[in-house]
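Welcome! Take a moment to look over the model below, and then we can walk through it together, part by part.

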Amino acid sequence: MRAEPAPSAETIVEVQNLEKHFGAFKAVAGISFAVRRGEIFGFLGPNGAGKSTTIRMLCGLLAPTAGTGRVAGFDIVRQAEQIKTRIGYMSQKFSLYDELTVEENIDFYSGIYRVPKAKKAERKAWVLEMAGLAAHRRSRTSVLSGGWKQRLALGCAVLHEPPILFLDEPTSGVDPNSRRQFWDLIYDLAGRGVTVFVTTHYMEESEYCDRLGIIYRGELIALGPPRELKTRHMSEAVLEIECARPNDAMGLIERLPAVKEVALFGKGLHAVASDAIAAETAIRAALAAANLALTRLERIVPTLEDVFVSLCAARSAGQPNAAGAQTEVSR
Amino acid sequence: MNLRRFWAIARKEAIHIRRDPRSLALAVGIPMLMLLMFGYALTLDVDRVPFVVLDEGGSPASREFVARFGATRYFDFRGTVANYADVERALDTRDAMLALVLPPNFAAQLAAGQAAPVQAIVDGADSNTAALVLGYTQAIATGFNQQLAREQIRRIAGSVPAPALDLRTRVWFNPDLESRNFIVPGIMAVIMGLIAALLTSLTLAREWERGTMEQLISTPVRPVEIILGKLLPYFVVGMVDMVIAVLMAVYLFEVPLRGSVPLLFGVGALFVVATLAQGILISALARQQLLASQLAMVSTFLPAFLLSGFAFAIANMPPVVRGITHIVPARYFVSFVKGIFLRGVGLETLWRDALFLIVFAVVVIAVAIRKTRKRFG
């Protein structure tokens, strides 16, 4: 199961068998991975999968129960304070001061990060421009929209130009337009050599990452570039179905022996099958018998969501024998 | 400690205070209101005690005895009653706290040179007041006895011997025995302690509750910078409260301020720092605003009110409780404030109080810094 790359000189974040228990609950159940300098590394998983817990341990905000980790060469347990001078962190919840104005928040973090006096004005201007907040510099932060708040938070987190940036679900609760803009900023930072560690539960967002770890119930169940994950972990065919009354159709298709699983996807359905031809025939027959008009049925390149659903399903089905499930997915 | 980070925290905290005028108004208004309430309402003086008389004989001698009560400011004559039932009613309804019952043969027995029984019935529901009333009554009776004795001696011997004892009392520090003079400086200390701890008890807890702490602890900021940076602006608020309290004490309640004003404010500053630190320590431990503010109330107001000696003498407490008072900072500040205000003494007698406040402040700040952990859980 050691599929992750061996730590090299280029490794900037490195984690070995990291665990975090809250009482009897294992929020993070032994994960290992490495992040290379300059890459955008994504952590994809549903809510409660252990993404925030992992990111907090990496930033030195939470002590791990077991396992080791290094960030920028410093130990996450013993050298948390050294790590904190070299990272920027943006938590899931907006955590700047609502009562302060945009400018006051920037000045505050500029003081906290001890941005050199000579660079202070320039960095502030950069943040205001980057976040598009120059006209609102004297507005209270509380009145800003979600997208603005988020760009301001990002700006404050990188005031001191850290080499590593940790973003915990930075785009949750933000409109798609702002989300797109935000990713432009992340690309921009990565282009300047900043390593970005980002968690998300949005599939389409995870496609933007150079490498992706899929985390589910505290375990890392897949790791690799998004394109590779789609081909490596998806040996089965995905069929896209568009028909009348997709809810009813799903019930029918589910019962077909040729189909492994089926899920609602957009306005249609996605069905997974090992034999695409047999499944296609069976689906056509079943829908015709039920008098459900079929408008489209074709084999498609699996999306990350298909990969994710299929991996999670395999994981859940293999719960009693977790080791077996692990081998199955990583092959 | 890095000065820039310290200033960043202090400036940010000052902005929070400025942007929240309601809390600021409370921080200044509550001490004024409390000082007014306690200064006017809380009095331990016993005077104008209402009393009634059942004079069954109605003689010049009995009237003279009763007149002695009415002549002092401690008693207030509410009339004579006709019978015992009326005496009971007067005490039941609290129209009177004291009833004097003089028997029909009062004058006759006095004239015969015999002891005349007088009954004094006191409402003992409030034991402290009752004890004082009894004391006053006894004193008047003794005075009356002495006068009678002297008259008798003059009648027999033709002259009055000089009394054996000539007691001349002088009350120092509070010559009028005004309890306000001793309550106002004490309550000042109680109020300052309460407000200071309440103000800071919310600061760290609010940051934990709102999630802003998560961002802050991901930075290189150090606990000492957070704690001292947060203390500074609240220290200013605390000192403003103290100035208001001292001005009210001197100009509104006319409590004499006999000692050094700079010393008063110097040690006041120590006390403010000590209680601000206590509040911030509570905040660091509780991490919830409601819990923190309640803990701050209970841990400052109660001990300051009951165990500081501001109204209830420490010497009269049971040994265990007296022991506990030694760790109540308000105790030292109350003793200090009273010393400065009423006795006009300086550090030569009050250095112990000042020293304790320094030690307390340093220890609590150190513990608060240690307990401000830059981690979850």
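## Getting to know chain A

How many helices and strands does the secondary structure of chain A come to? The count is 12 helices and 14 strands. Keep in mind as you explore that this is a predicted model.

Along the principal axes, the C-alpha atoms of chain A fill a box of roughly 75 × 45 × 35 Å. Chain A has 331 residues, and buried residues make up 43% of them. If you take the contacts in chain A with a separation of 6 or more, residues 24 or more positions apart account for 67%.

## Two domains in chain A

The domain assignment divides chain A into domain 1 (11-230) and domain 2 (231-330). Taken over C-alpha atoms, the centres of these domains of chain A are separated by 34 Å.

Where they meet, 14 residues of domain 1 of chain A are in contact with 14 residues of domain 2 of chain A. On the domain 1 side, the elements of chain A that give two or more residues are α7 (203-206), β9 (211-216), β10 (219-224) and α8 (226-232). The most comes from α8(A), with 5 residues. By residue type, this side of domain 1 divides into 8 nonpolar, 2 polar and 4 charged residues.

Most residues other than glycine have a negative phi. Asn17(A) is not a glycine, yet its phi is positive, about 50 degrees. You will find Asn17(A) in strand β1 (residues 11-22) of chain A. Asn17(A) counts as partly exposed because 13 other C-beta atoms lie within 10 Å.

Ala72(A) is also not a glycine, and has a positive phi of about 55 degrees. Look for Ala72(A) in the loop between β4 (66-71) and β5 (74-75) of chain A. Is Ala72(A) buried or partly exposed? With 17 C-beta neighbours inside 10 Å, Ala72(A) is partly exposed.

## Where chains A and B touch

The contact between the chains takes 22 residues from chain A and 21 residues from chain B. On the side of chain A that touches chain B, the elements giving two or more residues are α2 (80-84) and α3 (102-112) of chain A. Of these, α3(A) gives the most, with 4 residues. This side of chain A divides into 11 nonpolar, 4 polar and 7 charged residues.

## Helix α15 of chain B

Now let us turn to chain B. Helix α15 (residues 347-371) of chain B has 25 residues, so at 1.5 Å a residue it should span 36 Å. The end C-alpha atoms of α15(B) are 33 Å apart, which agrees. Where does α15(B) bend by about 30 degrees? The bend in α15(B) is at Asp353(B).

Asp353(B) is also one of the buried residues of α15(B), and others include Leu350(B), Phe356(B), Leu357(B), Phe360(B) and Ala361(B). What covers the buried residues of α15(B) includes α10 (223-252), α11 (261-286) and α14 (329-343) of chain B.

## Helix α12 of chain B

Helix α12 (residues 289-307) of chain B has 19 residues. From first C-alpha to last, α12(B) reaches 26 Å, close to the 27 Å expected at 1.5 Å a residue. Among the buried residues of α12(B) are Ala292(B), Ser293(B), Leu295(B), Ala296(B) and Leu307(B).

Which helices do the buried residues of α12(B) pack against? They pack against α7, α8 (203-210), α11, α13 (319-325) and α14 of chain B. After α12(B) comes Gly309(B), with a positive phi near 80 degrees.

## The nonpolar cores

In soluble globular proteins, nonpolar side chains tend to be buried together. Here the largest nonpolar core has 151 residues. The members that touch the most other members are Phe166(A), Met188(B), Ala189(B), Met192(B), Ala277(B) and Leu357(B). Helix α7 (residues 179-201) of chain B gives this core its largest share, 15 residues.

Leaving aside neighbours within four places in sequence, Ala277(B) is in contact with Leu231(B), Ala361(B), Val364(B), Ile365(B) and Ala368(B). A second, separate core has 21 residues, among them Val52(B), Val66(B), Phe75(B) and Val81(B).

Technical notes:
Residues are numbered from 1 along each chain as its sequence is written. Chains are lettered from A and ligands numbered from 1 in the order in which they are written. This is a predicted model: local features need pLDDT of at least 70, side-chain atom pairs count only at pLDDT 80 or more; totals for chains, interfaces and linings use all residues. Two residues are in contact if their C-beta atoms, placed from the backbone, lie within 7 Å. Ala, Val, Leu, Ile, Met, Phe, Trp, Tyr, Cys and Pro count as nonpolar, Asp, Glu, Lys and Arg as charged, and the others, Gly among them, as polar. Domain bounds come from an automatic or database domain assignment. The expected span of a helix is 1.5 Å times one less than its number of residues. The bend at a residue is the angle between axes fitted to the seven residues ending there and the seven starting there. A residue is buried if 20 or more other C-beta atoms lie within 10 Å of its own, exposed if 12 or fewer, and partly exposed in between; C-beta atoms are placed from the backbone. A nonpolar core is a set of buried Ala, Val, Leu, Ile, Met, Phe, Trp, Tyr and Cys residues joined through C-beta atoms within 7 Å.
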